[in-house]
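Biologist: I'm new to this one. Could you walk me through how to read a few of its features?

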Amino acid sequence: MTVFVPLKAGSSPPPTPSFLVPSETPNLHLRKAIKAILKAKRLVVVCGAGISVSAGIPDFRSESGLFQTLKRDNPKEALSSGRDLFDASVFNNEHTTSMFCQMIAQLSELSQAASPTPFHQVLRSLDDRGRLLRVYTQNIDAIELKSGLSFGVPEFDKRRARPRSKPKSTGPPITDQPTISTSAPSSQDGSSTTPGSRYMSPAVEVPRCIPLHGTLQTLHCQTCMHTFPLENYVPSLTLGTPPTCPECTQMEETRQLIGKRARGVGKLRPSVVLYNELHKDGEGVGEVARRDLVGSSKGKGRSGVDTLLVVGTSLKVPGTKRMVREFSKAARARGHTASRDSTAASTGLATPAPSPGKRPATSAGDSPFKSIYLNFDFPGPTREWEGVFDAWLQGDAQNFAELLEQEIVKEAAEKEAALERKRKREEDAAHLEGSEEAGLPKKKTAKRENQSSEKLTKRKLKALPSVRPRKSKSKHQEDMDISVPSAPKITHGNSKLTIRIPPLKGRYIPEVCITTPVPRGLKAGQFPCTPPATHVKHRLLSHSDYPPSDTTEIGFDESDLSELSGDEVAGELPRTAIRTAQYGLRVTRG
């Protein structure tokens, strides 16, 4: 099933293919396609001439394309189609070779004057975001290079014959074959070694854009295969004359000087791939495609493509068709595996796949788009593309690029705002931490004072005499037995020791009782004076809120003062006669 999503409102779906399902919510599906591209981690783009038409480069197969215009502009040549000038047989005679060279000169001038289109610019934006794994272009104009993408086909080192004796080396062991990572940036992780050298050679770099059909930037010799810039030979091509190879010419002159036989001088031809011939860099293209398909052995990009976007191509070339099918199969398989894993992880059950059927696509969140086709017309024959694309976006590639660029700018603004909020929070936290550190010495000083006060209080409490237990209790005392749920808080001030009794709720009232009798045989004047003896027999806590209590006299006996003289009793008791205070609770009556 392929969802039909028109970029232009009101467009009706074509009658074919039969597996095409019209979208009832095209705006939602369009946003879903944009989100799929922006959220992709390893996006592969396969593009054709449709992305360069707005830059002034003609396409091939449309009514105004090269195949039709070349046939119309050369009626005397009896060309069945302009495609005849893109066949390898063009070099079989001088006339068709001359026509081919003139056509290449014109296309080169158009390419040099062309500027990157919005779609080329959005490819660069995706590369800057680190989402673009590779661009495979069928175009020969190399406008992708102008947009800022690295361009070309890498040269992989072939397996070299090892020398008979191992080179002496004190460095770490190194490998012969380079290892390529498909993650951005395009510089790779592996490295290769030149036999006989103990130094590692520079890492192989895989350009971001791979030309599938060659490029108009270079010419190469058909004899020695040396490459030269095409712009240096435009005048010769305009005249329809293939230039001679400078390398072969120099070699021929050298051979004549040393008396060797001549081998001949080769002709330069544009480095574009024609029908019915092999790509001179086909092995490099195939190796990059293989690694992008299955992933490399190490690095961030060890997983292969996860999203495919095919744009601006009718998919008529067999090699490109096969590549698109393989990339789509890999991307959709990874997408379905990820969705099944996430569903099973959330529910614990495997969700069966829905049964196929042609019905309107109403929900934009049924399954993610992993393979998207963007073009005015669906590729044919249509039966070959069933199950390849998740969505067909019908419309202009430049309009879609503008929508995509708007979303990229919006996401960048939101990310910048989020980073600004995070930075502000970190600054506030740092300021608060600095304020706390500034007040840390005071807090430490107060803590030391509290610790010293607690130590002093413990020493004083140890110096107090122990409470002597009573031999027996009266019935009344047993009824109002004192229980201590918690000890009173004792703080040491500057001049006195304060006992703080915590407030209690219920039928218990806190009181302090004198439990130690007055020592016998004390005489006045032997010790410093204390309050008068007439005040000994009084309530220590006489707060107005507390009701009268009869427990104040517990432990007090009139006989304790019988042996003292009247002066001693009427006067003042020594300080050692102060009896121990015991904290307790009294049960309220009633």
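Biologist: Let's start with Asp 59: which side chain of opposite charge is nearest, and how far away?

Modeller: Keep in mind that this is a predicted model. A salt bridge needs the charged atoms within 4 Å. The nearest side chain of opposite charge to Asp 59 is Arg 61, 8.6 Å away, so Asp 59 has no salt bridge, although Asp 59 is buried.

Biologist: What does the side chain of Asp 59 make a polar contact with?

Modeller: With the side chain of Ser 62, at 2.6 Å. Asp 59 sits in the loop between β3 (43-47) and α2 (66-73). Beyond its neighbours within four places in sequence, Asp 59 is in contact with Ala 49, Val 53, Ser 64, Gly 65 and Leu 66.

Biologist: Now a residue of the other charge. Where is Arg 255?

Modeller: Arg 255 belongs to helix α7, which covers residues 246-257. Arg 255 is also buried without a salt bridge, and Glu 252, the nearest side chain of opposite charge, is 5.1 Å away. The side chain of Arg 255 does reach the backbone oxygen of Arg 261, at 2.9 Å. If you skip residues up to four places away in sequence, Arg 255 touches Lys 260, Arg 261 and Arg 263.

Biologist: Next, Leu 212. Why does Leu 212 count as buried?

Modeller: The cut-off for buried is under 20% relative accessible area. Leu 212 has 10%, so Leu 212 counts as buried. Leu 212 lies in the loop between β5 (209-211) and β6 (214-221).

Biologist: Which residues is Leu 212 in contact with, leaving aside neighbours within four places in sequence?

Modeller: Among them are Tyr 136, Thr 137, Gln 138, Val 273 and Met 323. Another pair to look at is Leu 212 and Asn 139: they are 73 residues apart along the chain, yet their C-alpha atoms are separated by 7.8 Å.

Biologist: And the chain overall: how many helices and strands are there?

Modeller: There are 13 helices and 17 strands. The chain has 590 residues, of which 37% count as buried. Take the contacts between residues at least 6 apart in sequence: 71% of them join residues at least 24 apart.

Biologist: How do I read empty space inside a model?

Modeller: Rolling a probe the size of a water molecule over the atoms shows where empty space is left.

Note on methods: Residues numbered from 1 in each chain as written. Predicted model: local features only at pLDDT ≥ 70, side-chain atom pairs only at ≥ 80, totals over all residues. Heavy atoms only, no water. Helix = DSSP H or I, 4+ residues; strand = E, 2+ residues; numbered from the N terminus. Buried < 20%, exposed > 50% of the residue type's maximum accessible area, 1.4 Å probe, protein only. Lys, Arg positive; Asp, Glu negative; His and termini not counted. Polar contact = N/O pair within 3.5 Å; in protein donor to acceptor, adjacent residues only side chain to side chain. Contact = heavy atoms within 4.5 Å.
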